[in-house]
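Here is a short report on one protein model.

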Amino acid sequence: MPPNRTDPLLMLISIPAMMMRGGTSRGMYFVKSELSATGADLDRLLPALMGSPGRDQVDGLGGGSSTTSKVAIVSRSDHADVDIDYLFAQVNPVSGKVDWRPTCGNVLAGIAPFAIERGMVTAGPEQTNVRVRLVNTGARAVCTVPTPDGSIRYDIDEPGALPATPVQVSFRDFVGGSTGRLLPTGSPSDFVDGTEFSAVDAGVCAVIIRAADVGIRGDETQSEINANSLLLQRISSIRAKAADLMGMGDVKDSVLPKVMLVSDGGGVADITSRYFVPDTCHPAHAVSGGVCLAIAARTPGTIVASQIRDAGTASPKFTVAHPSGTIELGVTGDGIQTNVTVGRTTRKLFDGQVFATLHGVAC
């Protein structure tokens with residue numbers, strides 16, 4: 001079957017696609033030119049491919065949650081110091097709206113393997129470094145993957161997980177991607193409805209709140225938090241008002257800013273975090289959220305810096321505890337020159353053709 005075959009009677013679009021699990025997310029990966037060849041509006045095509053609108057996304061390849069309704073659009077870069085451009089799209093399972101403002105560090109873990117498999121990058125004999133531009137925010141990353149014998153392998157044993165490809169991701173140029181400033185309000189902390197928060201735009205644009213200030217310990221499970229309707233309503237209200245102070249306007253239909261509730265690391269981490277996407281608790285934690293917390297820890301006056309003992313010392317490691325375990329980040333440099341490195345894994349789940357019907361589109 002040729003790529004991008006269309007049937008004008010059925011208005012049926014087919015396009016090559018790969019599904020990958022990257023870190024703690026799952027997404028569909030597309031070559032930009034193959035999406036463009038359909039001639040379809042991506043704000044309509046992507047929801048149709050993912051099965052939105054529809055809470056369970058049964059008519060598409062989304063998984064019925066924000067962490068499994070993600071899209072990566074990949075192309076060779078025109079920038080001399082970059083190999084690959086990565087454009088991220090967050091598809092809302094229920095409404096079908098596409099949010100182009102955020103990026104996703106977990107989905108980023110699959111970019112290098114996908115680019116190598118699609119022939120955009122030539123694999124090295126032992127390992128391959130792929131320089132990636134995160135188009136949504138302008139951040140840069142270098143993704144390093146093992147390529148024994150010049151090819152990607154997805155059967156490398158990883159402790160406590162199914163075999164996968166380990167990916168080392170080093171981030172840079174990630175400050176101010178959404179608002180243009182590390183501290184969008186101009187202050188390391190502010191108050192909304194009597195609740196203190198820190199607005200930090202690094203890796204992801206986020207509103208950081210002490211868990212105790214909204215009436216919880218901070219180590220509750222995802223299910224416990226998502227069953228607490230009063231807590232979720234309060235977080236939603238704080239998020240909306242904080243976003244206004246951050247100059248982001250009405251964020252009702254956007255996943256940004258994210259919210260993180262932080263508390264003591266409990267002896268296993270520098271800090272405990274519950275990450276929201278945006279109105280329910282994430283089952284684990286976003287990589288970009290970990291980056292944000294690591295930078296906030298080095299920014300005097302933020303809630304994270306005040307939460308951590310000896311926050312003024314520039315430790316080369318920063319660990320975040322989350323509902324499914326911990327994530328460890330390496331931190332070097334300072335200020336806008338800070339680099340953050342994190343290890344992730346990725347698994348290829350399928351490679352083939354995905355189909356969608358767009359009513360009223362002449363293809």
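## Salt bridges

A salt bridge here is a side-chain nitrogen of Lys or Arg within 4 Å of a carboxyl oxygen of Asp or Glu. The model is predicted: local features need pLDDT of at least 70, side-chain atom pairs count only at pLDDT 80 or more, and totals for chains, interfaces and linings use all residues. Residues are numbered from 1 along each chain as its sequence is written, and side-chain values use heavy atoms, with hydrogens and water left out.

The rule gives 15 salt bridges. One of them pairs arginine 131 with aspartate 83, at 2.9 Å from N to O. Arginine 131 sits in strand S7 (residues 127-134), and aspartate 83 in the loop between strand S4 (70-76) and strand S5 (84-91), so this pair ties together parts that are 48 residues apart in sequence. Helices (H or I, at least four residues) and strands (E, at least two) are DSSP runs, numbered from the N terminus. Arginine 131 is partly exposed, at 33% relative accessible area. Aspartate 83 is also partly exposed, at 23%. The cut-offs are under 20% relative accessible area for buried, over 50% for exposed, and partly exposed in between (1.4 Å probe, protein chains only).

## A buried pair

Arginine 133 and aspartate 85 form another salt bridge, at 3.0 Å from N to O. Arginine 133 belongs to strand S7 and aspartate 85 to strand S5, so the pair links parts that are 48 residues apart in sequence. Are these two residues buried or exposed? Both arginine 133 and aspartate 85 are buried.

Aspartate 351 is in strand S18 (residues 339-357). Arginine 118 is in the loop between helix H4 (111-117) and S7, so the two tie together parts that are 233 residues apart in sequence. Aspartate 351 is partly exposed, at 41% relative accessibility. Arginine 118 is partly exposed as well, at 26%.

## Two domains

The protein divides into domain 1 (10-173 + 346-359) and domain 2 (190-337). These bounds come from an automatic or database domain assignment. The domain centres, taken over C-alpha atoms, are 25 Å apart. Twelve residues of domain 1 contact 15 residues of domain 2, where contact means heavy atoms within 4.5 Å. About 1,100 Å² is buried between the domains, and carbon and sulfur atoms give 56% of it. Buried area is the accessible area (1.4 Å probe) that two parts lose on being put together, summed over both.

How many salt bridges are counted between domain 1 and domain 2? The count is one. Five residue pairs across the interface are in polar contact, both residues at pLDDT 80 or more. A polar contact is a pair of N or O atoms within 3.5 Å; within protein, one must be able to donate a hydrogen and the other to accept it, and residues adjacent in sequence count only if both atoms are side-chain atoms. On the side of domain 1 that touches domain 2, two residues are nonpolar, seven polar and three charged. Here Ala, Val, Leu, Ile, Met, Phe, Trp, Tyr, Cys and Pro count as nonpolar, Asp, Glu, Lys and Arg as charged, and the others, Gly among them, as polar.

## Helix H2

Helix H2 spans residues 42-50, and its buried residues include Leu45, Leu46, Pro47, Ala48, Leu49 and Met50. At its start, a side-chain oxygen of aspartate 41 comes within 3.0 Å of the backbone nitrogen of aspartate 43. Just after H2, glycine 51 has a positive phi of about 90°.

Leucine 256 and proline 257 are joined by a cis peptide bond, with omega about -5°. Proline 257 lies in the loop between helix H6 (229-245) and strand S14 (258-264). Another cis bond joins valine 277 and proline 278, with omega about -15°. Proline 278 is in the loop between strand S15 (271-276) and helix H7 (287-297).

Glutamine 57 is not a glycine, yet has a positive phi of about 55°. It lies in the loop between H2 and S4. Glutamine 57 is buried, at 1% relative accessible area. Aspartate 149 also has a positive phi, near 60°. Its place is the loop between strand S8 (139-146) and strand S9 (156-158). Aspartate 149 is exposed, at 76% relative accessible area.
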